[in-house]
Amino acid sequence: PDSGDWSGLAAMLRVTAALCVLCSHFALAATTARPLQRLRGGSGHQGSDLNAKDPSGIWSSFQRAPSSGDDVVGSVGTGLRTVANAWGQGACLRRSQSAITFRLTAPEKVTDGDVLEGVVALCEGTGFCGKTAAPDGHHFLCQCESAAVTPVEIAFDAGDSVVLKGSGVLEPGQYKVMLRKGDGEAEVLEGMHGIEEFRPLTVLPAPPPDAVLLMSDIDGTLIGDQESTEKFFWVWNEQYKPRGAHLVYNTGRPFPSAHNLIRENRLHAPTALVCSEGTEIYWFGPLGSEDVVPDYEWREILMQSWEYDTIKAGVQKIVEQMKHEVNDAQYLYEMCGQPMIVINVADKGKADNMIGKIDYELRNCQSLKFDMTCSSGGGNFFILIIPKGASKGSAALHVSRRLGFAPKQVMVAGDGENDVPLFEATIEGENQGFKGAIVGNAVEGLKNWVSRSPSSPNIHRSMSQQALGVLEGLEMHFPSPS
């Protein structure tokens, strides 16, 4: 991650414990603010204490460990699965645009010939107030004057006996979705905490044609110089937000660290927060910094995209074999639901040995699919193991699709080597091809990647540093109305 209270044994336990508390009522303990000059992203920046017992979270290096045959430059999110609802199984809140497709599978206990025939989804909900334009400036999900929308029934096709699909159009709003079969039998939803009454769905309003979606790194990009940060938010709120613009932070920080910047008003509340190198997404509501919920759908997508139990067992075996080289190993899914395994070792030689053994025994011998990165900071090395395809870039694509922005309306901004996955979304492809801006203080690793990228003409090299460099990129790609 870019900065903050990320890892090391004691720090990681504090972070994950706080995150678990967050998931039930979001009661987070405050973390100690770091001096602005030390909150820097990427590699090569000054300020990291190499003799510190726990790293500050400022990466002095960030490097991916691709498996053989991987093409680092290409389609973002390769390997991630499209998830479907299962009949009778409770589902998390999902977000969509008005044109929606439901996917439905039968649970294993339903045999061929038993029927999920004639399935219909009844969608009942309430709309948003619609007062998003200045001077009212209501949040785009505000329901201060919400009214019921006309219920819609969406029929599922016969499908291929594996996945049934039903498509329709819903007005923006908050919906309760209830399924029933053609014979009138209603679905009984078995959730984690008992029977659930409906499947929750939020249909997000489409952005105006001239609206902008900015997805920006935090450390060394939006923060680092207080005066520049303040000017950025003034311009953003005066010139871009009234046009229906959305701001999303995309950081390597873990959630408690990034959230604390918002709670302390060092950053304004965004539409969404992508954190922990793209493995977590949080959505902010109308009520400010404490009105925040995890994107459980993204978590579900990631967890279904790798063989977690098999990978975990393999990592545990290797960690035990090499325990004399390992400071600590954290399996975050059990701790707080985050799809990530973190291994902490003391030096690069031990990190290389661990990566080589994991790559050979799990990737090569067992053909298991996952991504690895090796980062250093505070005198320690951290091996991050995550689902294949999970990254800052794939999380950015997920958020942009949910918000309904075309790639040409999106700009990404960053300064560090760990922002390369975010900038990969600037490469032309399905649902990708964003604009980009690297700030004037960007590290050489990111500059070199941009110079070699096929998307280089779409990435602005700002002369200005930090938040002013982001503004420079916005003005270049999305000029203010005259």
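Seven aromatic pairs are counted in this predicted model, where rings of Phe, Tyr and Trp (its six-membered ring) pair if their centres lie within 6.5 Å, and planes under 30 degrees apart count as stacked, over 60 as edge-to-face and the rest as tilted. Two of these pairs are set out below.

| Pair | Distance between centres | Angle between planes | Class |
|---|---|---|---|
| Phenylalanine 232 and phenylalanine 233 | 5.1 Å | 75° | edge-to-face |
| Tyrosine 308 and tyrosine 333 | 5.5 Å | 65° | edge-to-face |

Tyrosine 308 belongs to helix H5 (residues 308-321) and tyrosine 333 to helix H6 (residues 332-336), so their pairing ties together parts that are 25 residues apart in sequence. Helices (H or I, at least four residues) are DSSP runs, numbered from the N terminus.

Tyrosine 308 is buried at 4% relative accessibility, whereas tyrosine 333, at 36%, is partly exposed. Phenylalanine 232 is buried, with a relative accessible area of 0%, and phenylalanine 233 is buried at 4%. Phe232 and Phe233 are also linked by ring pairs with Trp236 and Tyr240 into a cluster.

Helix H3 (residues 255-263) is mostly covered, with eight of its nine residues buried. These are Phe255, Pro256, Ser257, Ala258, His259, Asn260, Leu261 and Ile262. After H3 comes asparagine 265, which has a positive phi near 65°.

Helix H4 (residues 296-303) packs with helix H8 (residues 392-403) at an angle of about 135°, their axes being 12 Å apart. Axes are lines fitted to C-alpha atoms, for helices over the stretch in contact, and angles run from 0 to 180 degrees between N-to-C directions. H4 and H8 are therefore oblique to each other; angles under 35 degrees count as roughly parallel, over 145 as roughly antiparallel, 65 to 115 as roughly perpendicular and the rest as oblique. In the contact (heavy atoms within 4.5 Å), H4 contributes Glu297, Trp298 and Ile301, while H8 contributes Ser394, Ala395, His398 and Arg402.

Residues are numbered from 1 along each chain as its sequence is written. In this predicted model, local features need pLDDT of at least 70, side-chain atom pairs count only at pLDDT 80 or more, and totals for chains, interfaces and linings use all residues, while side-chain values use heavy atoms, with hydrogens and water left out.

Conventions:
Helices (H or I, at least four residues) and strands (E, at least two) are DSSP runs, numbered from the N terminus. Buried means under 20% relative accessible area, exposed over 50%, partly exposed in between (1.4 Å probe, protein chains only).
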